[in-house]
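Biologist: Could you take me through the interfaces of this structure?

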Protein chains: 2
Amino acid sequence: MLDPEIAQRITKAVDEQFDDQLAWTAELVRRPSLRTGEADAQDLVQATLSEMGLEIDRWVIDSPELRAHEGYGPTTVDPSTLENVVGTWHPPVERGRSLILNGHVDVVPTGPEEYWSRSPWDARIVDGWMYGRGSGDMKAGIGANVFALRALTAAGLRPTGRIHVESVVEEECTGNGSLAALLRGYTADACVIPEPEDDKLVRANVGVLWFDVTVRGVPTHLRVMSSGQNAIDAAYQVMGDLRRLEAEWNRRKDEHRYFADTEHPINFGFGVIQGGEWPSSVPARCTFTVRAALYPGTSAAEAWAEIQRTLEESAASLGLPDAVVATPSGFFAEGYVLEEGSDAEAVLARSHERVFGSELESFTTPGYLDGRVFTLYGGMPCLVYGPVSEAIHGIDERVDVESVRRITTSIALFVAEWCGVEPVEDAW
Amino acid sequence: MLDPEIAQRITKAVDEQFDDQLAWTAELVRRPSLRTGEADAQDLVQATLSEMGLEIDRWVIDSPELRAHEGYGPTTVDPSTLENVVGTWHPPVERGRSLILNGHVDVVPTGPEEYWSRSPWDARIVDGWMYGRGSGDMKAGIGANVFALRALTAAGLRPTGRIHVESVVEEECTGNGSLAALLRGYTADACVIPEPEDDKLVRANVGVLWFDVTVRGVPTHLRVMSSGQNAIDAAYQVMGDLRRLEAEWNRRKDEHRYFADTEHPINFGFGVIQGGEWPSSVPARCTFTVRAALYPGTSAAEAWAEIQRTLEESAASLGLPDAVVATPSGFFAEGYVLEEGSDAEAVLARSHERVFGSELESFTTPGYLDGRVFTLYGGMPCLVYGPVSEAIHGIDERVDVESVRRITTSIALFVAEWCGVEPVEDAW
């Protein structure tokens, strides 16, 4: 149990530097870290971690070991552009428990910018919300990790356990960033990821597969349209077949711990489509991208096999050779469950209650989380726990500023109790 | 009536130079004249017409007059790249009727080349078919025009009427090429266009509209997919609304002369689609291209107004501001009817019967034809009449070589009777 006086000092320190934290987070939002374009944002994180006296490790995440891992997501980009940053705090004498504070710096595309109220990279605060692509998902979380540690220093304390502050890439598409950090040797007694989770703790989540489906048609002139097979129509037919599989998987939700009460845990998304090349020709080919979800306990390979069987039936009903070709193109990831009863969760529950004045709630989320890397492959409890947000992946994404303050305080208190703290003279 | 001896000489001349005609046509097919890339193919046509002693006119088809014309199709390409070629034969003394021999040099995209048995630009002849993109639609037709005239010369004859040999662009997307030629002043007493029409004469055809439809969605994270509106799904819903309009227009076919017996005269094609940008986001926008058909007698503007009303209903049912935005992006063209009883048709019927030994059949085609330009705006009978083809706009497009020979002969005989011929010493 954390000393109440220490807790108060830490809380005060978070408050006192909160304007700096918001300014830093806004600066991070203003650096558009779209896939393969994360370097500029990583520069800011790296500079700050370095200034804090952490040992910096920045590396291109590609490796044969990574590519061979069962949780590796086949990439469709040049891996030489993908760099993780990890800053490590080594206490003078390591007496406390170790910790990973993880966050992903990559953000998803904005969608049409004209649909936004202001530039997605503006990072303005309006009515208590900070706007911007990545504000919630999850640059506010990276800021919370960084400023939780800075608050300890500002409070005249330093952790007595080893801490790795991870700023990873690829969380939005493959999960290879966190996986690469684990394979590089970064392990600890627990992990915290401040994803935007409405001030709650993630108890269970789904795995995710990404794959491209190419549907072949029989092109003709539109004057004889009925003799052709429109690949765009055929693509929608295949989507319909996948929707039926999705419905079947949702019907199975009672068989899965923590999923029975989730309204629609399995979502298949058709996020991208491209087909045809000429308005007056029947399209020869249409490709769409699928994001499919799977329950924890089902391996990605098992889910993929079941999807492939569905697509084989689609192909057979279309009656063309190679009518449907599917290729993994990103996430190939199992879901995970945070088992109840861990010490880490108990410590977080205490920190949360102290800050929020209410019990820590846990819930099941139907989205992908890097937590699977630490839980499934790192054997450590992973606490995915972060601020209130709205419209992540949407238009006018925003994060609740007051929630960010509290989450930061809660994480700072968690670090202090989990790793232990000791007084220190020099501040970060 | 053409003198049988002259007819025989012309027929023989076509046969004697037919290998040259095939070689020339293959060379034209080998020059991929995709939209805005027609220059290389036009060079060949121009050189040949020039060598034949015709007066050459080559010009960029853009003009304020063209853009203001009711039959102009809004272009989506740089118009400065679009050049027509016309070669004009001026007889020493103009005694016969004048004629336009029109053909379009532009071809549609190939679709995925790996679906083809050989390169679409190979132009090989296998089992009596010449393969290649544009072989049927309509480089064999341009070859027929050119070599019909060359056959007259080879037979020691020259036409006594003015003849314009037109090699136009944009027939596959706007129809602006033929329209520009008309507006430049090229008119005549009749027009022949050897489109691939199965050795038949087109009696009536549809008009065509091209337009882009952009459908807006509400992007979100897939973990809350139900709160978002998938623009790709919404696009399919809008396509469904357009399909209902298509069905309604098809039900009206009995009201239109020459269309009652056509199985499905009105085809709406969705040839191109593009939507979304990230598999794990609900797509914010999806755009698809529509090719819609309309009956002759309905103006493009009337059809467009009816389509817009349908799209307004789609937008209302989607419940979003600007949920559906449609923009004309090519053809804005009325259909036409070749009125029965013209002298031109009578002359062609005689030529056809002499060559094929059977009556000239006419039919209704549900595809766009530049014939509308000459009929609606030039006030001349337009005979769209050409060889047997397969898979135009499709994979392994091909044209029947023997049919090309006969069509060439038939056109040569038509020219001889329509324009009249006189003996000449020097051959082209």
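This is a predicted model: local features need pLDDT of at least 70, side-chain atom pairs count only at pLDDT 80 or more; totals for chains, interfaces and linings use all residues.

Modeller: Residues are numbered from 1 along each chain as its sequence is written, chains are lettered from A and ligands numbered from 1 in the order in which they are written, and side-chain values use heavy atoms, with hydrogens and water left out.

Biologist: How is chain A divided?

Modeller: Chain A has domain 1 (4–204 + 336–423) and domain 2 (207–333), with bounds from an automatic or database domain assignment. Their centres, taken over C-alpha atoms, are 33 Å apart.

Biologist: Which residues form a salt bridge there?

Modeller: A:Arg257 pairs with A:Glu339, with the closest N and O atoms 3.0 Å apart. The term requires a side-chain nitrogen of Lys or Arg within 4 Å of a carboxyl oxygen of Asp or Glu.

Biologist: Turning to chains A and B, how many residues take part in the contact?

Modeller: Chain A gives 58 residues and chain B gives 58 residues; contact means heavy atoms within 4.5 Å.

Biologist: How many salt bridges cross that interface?

Modeller: The rule finds four. In one salt bridge, A:Arg285 meets B:Glu114 at 2.7 Å, N to O.

Biologist: What about the area buried between the chains?

Modeller: About 5100 Å² is buried, and carbon and sulfur atoms give 59% of that. Buried area is the accessible area (1.4 Å probe) that two parts lose on being put together, summed over both.
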